[in-house]
Amino acid sequence: MTDYTPSPQFTAALEAFDEAQQAAEAARHALRAAVAEDLKTYDITNDVIAEHLPWSAETVRSIAREYDVPRKRKPTVRSIKPQKRTAGGKPSG
């Protein structure tokens with residue numbers, strides 16, 4: 001083990017770095033919230049808003065899910081599992 005004590009320049013640079021990282025994280029959260037708000041407010045798709053961001057449309061989709069943004073259209077994929085018959089139900093076919 002050495003008896004190293006960081007210099008004042010080192011300590012100041014590390015503090016500035018930490019502050020910059022915290023500011024970047026706060027800005028990222030603010031941008032994600034703004035993306036969600038625009039998706040809720042304007043009639044635009046994830047793909048359209050992604051064109052203005054450094055993120056993909058899939059990232060925008062995850063932001064929409066995170067912030068409970070209503071979907072623009074109904075899901076088109078259905079389950080392939082057959083419907084279970086219940087008591088009193090009529091057989092199909």
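This is a predicted model: local features need pLDDT of at least 70, side-chain atom pairs count only at pLDDT 80 or more; totals for chains, interfaces and linings use all residues.
Residues are numbered from 1 along each chain as its sequence is written, and side-chain values use heavy atoms, with hydrogens and water left out.

So what is a pocket? On a 1 Å grid over the protein atoms alone, a pocket is an open set of points with protein on both sides within 12 Å along at least five of seven lines, and lining residues have an atom within 4 Å of a point. The largest pocket holds about 430 Å³ of space, a volume being the space filled by probe spheres set on the points, which are joined across faces, edges and corners. Of its 13 lining residues, Asn46, Arg61, Arg71, Lys72 and Arg73 lie nearest the centre. Two helices, α2 (46–50) and α3 (57–66), each give at least two residues to this lining, and α3 has the largest share, with 3 residues.

Now step back to the whole chain. You'll find 3 helices and 0 strands, in the order α-α-α along the sequence. Helices (H or I, at least four residues) and strands (E, at least two) are DSSP runs, numbered from the N terminus.

Take α1, which covers residues 8–41: its 34 residues should span 50 Å at 1.5 Å a residue, and its end C-alpha atoms sit 49 Å apart, so the two agree. The expected span is 1.5 Å times one less than the number of residues. Which residues of α1 are buried? They are Arg32, Val35, Ala36 and Leu39, where buried means under 20% relative accessible area, exposed over 50%, and partly exposed in between (1.4 Å probe, protein chains only). These buried residues pack against α2 and α3.

Across the 93 residues of the chain, buried ones make up 14%. Among contacts (heavy atoms within 4.5 Å) with a separation of 6 or more, 48% join residues 24 or more positions apart.

Asp68 isn't a glycine, yet has a positive phi of about 55 degrees. Most residues other than glycine have a negative phi. Asp68 is also exposed, with a relative accessible area of 64%.

Definitions and conventions
On a 1 Å grid over the protein atoms alone, a cavity is a set of points where a 1.4 Å probe fits but cannot get out, and a pocket is an open set with protein on both sides within 12 Å along at least five of seven lines; lining residues have an atom within 4 Å of a point.
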